[in-house]
2 protein chains.
Amino acid sequence: MQRYRARMATTTRSARETFRVPQGGVDLSAIDPGATPIGPQGKGKAAKAMTELGARLDARQEALYAAAVGGTSPRAVLLVLQGMDTSGKGGVISHVAGLVNPQGLHIASFKRPTPEELAHDFLWRIRKQVPHAGMIGVFDRSHYEDVLVVRVDGLVGEPEWRSRYERINAFEAEFDEQGVAIVKCMLHISPQTQAERLAARLDDPQKHWKYNPGDLDARAKWTDYQAAYADALAHCDTHAAPWYVVPSDRKWYRNWAVAALLAETLDAIDPQYPPADFDVEAEKARVRAAV
Amino acid sequence: MQRYRARMATTTRSARETFRVPQGGVDLSAIDPGATPIGPQGKGKAAKAMTELGARLDARQEALYAAAVGGTSPRAVLLVLQGMDTSGKGGVISHVAGLVNPQGLHIASFKRPTPEELAHDFLWRIRKQVPHAGMIGVFDRSHYEDVLVVRVDGLVGEPEWRSRYERINAFEAEFDEQGVAIVKCMLHISPQTQAERLAARLDDPQKHWKYNPGDLDARAKWTDYQAAYADALAHCDTHAAPWYVVPSDRKWYRNWAVAALLAETLDAIDPQYPPADFDVEAEKARVRAAV
């Protein structure tokens with residue numbers, strides 16, 4: 001019965017339907033970070049599913065890239081990754097983005113803004129990293145930090161951060177007009193999982209470089225962060241730029257879910273190889289003559 | 001006997017020794033593009049070797065990146081890929097660069113220069129793409145085009161392109177001082193192999209986007225290109241920035257050879273994870289208290 005239900009689940013609902021942020025207000029505490037509502041129900045099955053998703057992503061990405069080179073489509077994809085420390089942004093880049101040809105990837109990591117960046121509007125540094133046609137962009141953190149850490153730490157006043165939701169929506173609507181399909185994922189973990197992962201980092205000298213004592217300061221503001229996430233997700237979930245909440249306590253499920261969201265987004269674009277812009281038969285004759 | 005010799009070969013000479021451009025003048029016609037002088041002697045063995053090389057590259061790359069984040073080492077690696085059309089520059093990026101975490105990769109593709117780029121010194125656009133500390137950079141074509149196509153097509157006079165060898169050597173010596181280990185690979189194919197690959201592109205509509213009628217014009221100047229390559233390799237093979245000639249008629253061998261060159265270069269750097277810059281035991285106690 002268990003297996004039957006699991007199999008049914010994989011065939012009936014898409015990842016985009018399943019993980020889309022609930023309409024009309026977001027209560028993150030009601031979403032189980034350990035849930036596996038659709039898709040593979042174990043690590044082994046997830047590995048098998050990832051092999052298939054990898055081939056699908058790679059093929060779609062090549063066609064997307066080819067269409068841009070051929071000038072027949074300006075489409076691009078942007079994956080935005082947000083989440084508390086240890087939620088797995090880096091893991092998704094390695095295990096999901098790592099499935100496609102690196103030539104078609106543009107990865108941008110947004111750290112604490114530099115003085116030059118702070119001297120501009122908060123979207124200035126983001127605009128420069130929007131993926132070109134044919135590319136899959138990945139944002140490791142993003143402009144959402146400007147309504148998350150900035151709000152929690154009181155770096156700007158409330159009228160300013162509140163005004164940003166609308167500006168973000170207008171900015172992301174521009175993407176849509178340009179042909180950039182945006183996939184925003186909040187990697188949702190429990191505080192227990194974060195504690196385990198921070199402890200694991202401290203136990204392994206090869207992981208000390210990933211640990212920052214400041215992570216615990218952010219952890220101490222967990223409730224404030226969840227409230228800031230809930231507002232950002234509710235205000236900035238639009239048809240053009242949907243938000244997904246990805247249960248991320250299990251790494252294998254998190255990776256599968258993000259790969260599935262990306263694959264469904266590429267399926268919807270359905271990129272096509274461009275037709276030849278030369279006479280194929282004439283070129284075949286030229287190649288034969290040139291041997 | 002065949003197997004014994006193959007096994008011996010893999011253990012006695014490094015890829016860096018084997019593929020290094022010959023000292024005292026380069027005769028490319030004397031290097032068999034179908035040779036497999038060391039390493040795996042078949043596709044199946046190469047696949048197995050690539051799995052091992054992938055794990056080695058990924059681990060080394062993570063330590064390189066960690067050392068840069070930790071501020072304990074400014075080292076980086078730059079892989080320069082040059083070769084005639086269809087020699088496999090894109091294939092190496094997909095199959096070799098694709099073995100490591102994309103977050104640690106910086107890929108730059110140098111196409112026909114823009115008017116802005118042409119208004120600057122030929123190294124101007126190259127400098128901007130030198131990989132940061134911790135990164136593996138990959139150049140798909142490079143500043144060597146400025147002594148290859150530029151020479152063959154007579155885009156500048158001989159005194160100008162001749163002067164560039166020394167300027168390139170001085171430029172690459174700067175890299176070495178900055179800690180960037182440079183690995184320059186000429187992907188060496190035969191004209192027969194190129195003809196087969198061009199014909200294959202024309203036979204497959206999903207590969208038409210990779211075909212450019214101009215490729216045959218470059219092919220018609222094969223001898224001129226080989227002479228230009230031979231001079232570039234002879235003049236710009238330095239201790240700090242060695243040139244390797246990679247037999248590339250067999251794709252599986254080409255990929256293995258470049259991966260092996262990259263792995264040996266990283267082995268020589270021997271990147272180390274940085275020590276913790278915080279009190280590990282005190283942080284463990286903080287994490288326990290924060291649960």
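The model is predicted, so local features need pLDDT of at least 70 and side-chain atom pairs 80 or more, while totals for chains, interfaces and linings use all residues. Residues count from 1 along each chain as written, chains are lettered from A and ligands numbered from 1 in written order, and side-chain values use heavy atoms, leaving out hydrogens and water.

Reader: How much area do chain B and chain A bury between them?
Author: Buried area is the accessible area (1.4 Å probe) that two parts lose on being put together, summed over both. Here 68% of it is on carbon and sulfur atoms. The total is about 3500 Å².

Reader: Which residue of chain A does B:Arg286 meet in a salt bridge?
Author: A salt bridge puts a side-chain nitrogen of Lys or Arg within 4 Å of a carboxyl oxygen of Asp or Glu. This one runs 3.2 Å from N to O, and the partner is A:Asp217.

Reader: Which strands of chain A stand at the edges, and why is one side of each left without a neighbour in the sheet?
Author: Strands are DSSP runs (E, at least two residues), numbered from the N terminus, and two of them pair if DSSP finds at least two bridges between them. Five strands of chain A form an open, parallel sheet, ordered β2-β3-β1-β4-β5. The edge strands each have a single partner strand, so one side of each has no neighbour there: they are β2 (105-109) and β5 (243-247).

Reader: Over how many bridges do β1 and β4 of chain A pair?
Author: β1 covers residues 76-83 and β4 residues 180-188. A:Ala76 stands opposite A:Val180 in β4(A). The two strands pair in the parallel sense, and the count of bridges is eight.

Note on methods:
Helices (H or I, at least four residues) and strands (E, at least two) are DSSP runs, numbered from the N terminus.
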